[in-house]
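Subject: Structure handover

Hello,

Here is the structure I said I would pass on. Please open it and keep it beside you while you read the rest of this email.

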Amino acid sequence: MSLYRDRGVVLRTYRLGEADRIVVFLTERHGKVRAVAKGVRKTTSKFGARLEPLTQVDLLLWQGRSELEIVNQVEVINAFRSVREDLSRLPRGMALLEVADQIAQERHPDPRLYAMVVGALGALADGSDTTLLAPSFFLKTLVHEGAGPVLDECATCGEPDGAVELVAFDLVAGGTLCRAHRSGRPLSPGALDLVRRILGGDLAAVLAEPAPPAADEVAELATEAMEAHLDRRIRSVRSTAGL
């Protein structure tokens, strides 16, 4: 039994009893952590507004014999208010949290995933075009998970781009596919170039530019690829899109 301090992002919360709430954090050094915030639903609670999803916080947690930690102290590092208060940004922010919640493992440190989530929320809050932000996060997370797509050759026959035309994308098959082995979804040259830029170190420039014509295609591709990896639908994306 011990106290420990960490930084985290609130992924989601749910009720416990009459006044308490269970808060799910993605922490920097302890992975995904579930903790009880006692009395947080009372109007007198000082923790309430600090433990809302999307908030980055500094935490003091008590780890006992239970599977649930206890929140002892919490201070806000960044509330990402511009995301929370913008109806076009909020669903994209929640999509990031939903995917992070599915990827993160209980009490398994993943500082890189934590940094990716904080960085993506910061970019979302900055005010630039948000069309490609969540899709880019999905694609970068797939690479982080060791499930990054093949982009320079046919994932089935191994023939390189140029020797064959890459015309389809299927994460289950491994990535891009030539005409002879196509499955999954069609892939335009513009979308292929955009995915290569996102995963090839040019993400900052992509996000700084106006959304290109292939942005919606890449958004759908990235969402389907992440859903194939998770083997579940991303509700935050699908409910917004009406799918």
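Below is what was found, going from the chain to single residues.

The model is predicted, so local features need pLDDT of at least 70 and side-chain atom pairs count only at pLDDT 80 or more, while totals for chains, interfaces and linings use all residues. Residues are numbered from 1 along each chain as its sequence is written, and side-chain values use heavy atoms, with hydrogens and water left out.

The chain as a whole

The chain has 8 helices and 8 strands (DSSP runs numbered from the N terminus: H or I over at least four residues for helices, E over at least two for strands). Its radius of gyration, 20 Å, is close to the 18 Å that the globule rule gives for 243 residues, so the chain is as compact as a globular protein of that length. That radius is taken over C-alpha atoms, and the rule is 2.2 Å times the number of residues to the power 0.38. Along its principal axes, the C-alpha trace spans about 65 × 35 × 30 Å.

Of the 243 residues, 45% are buried (under 20% relative accessible area; exposed is over 50%, and partly exposed is in between, with a 1.4 Å probe and protein chains only). Take the contacts (heavy atoms within 4.5 Å) between residues at least 6 apart in sequence: 58% of them join residues at least 24 apart.

Cysteines

How many disulfides does a search of the whole structure find? The count is 0, where a disulfide is a pair of cysteine sulfur atoms within 2.5 Å. For cysteine 157, the closest cysteine sulfur is that of cysteine 154, 3.6 Å away, which is too far for a bond. Cysteine 178 also has its closest cysteine sulfur in cysteine 154, at 3.7 Å, again too far for a bond. Cysteine 157 is partly exposed at 33% relative accessibility, whereas cysteine 178 is buried at 4%.

Two residues with positive phi

Leucine 54 is not a glycine, yet its phi is positive, near 90°. This leucine 54 sits in the loop between β3 (31-37) and β4 (56-63), and is buried, with a relative accessible area of 1%.

Aspartate 231 likewise has a positive phi, near 60°, in a residue other than glycine. The loop that holds aspartate 231 runs between α7 (215-230) and α8 (235-241). Is aspartate 231 buried or exposed? Aspartate 231 counts as exposed, at 72% relative accessibility.

Regards
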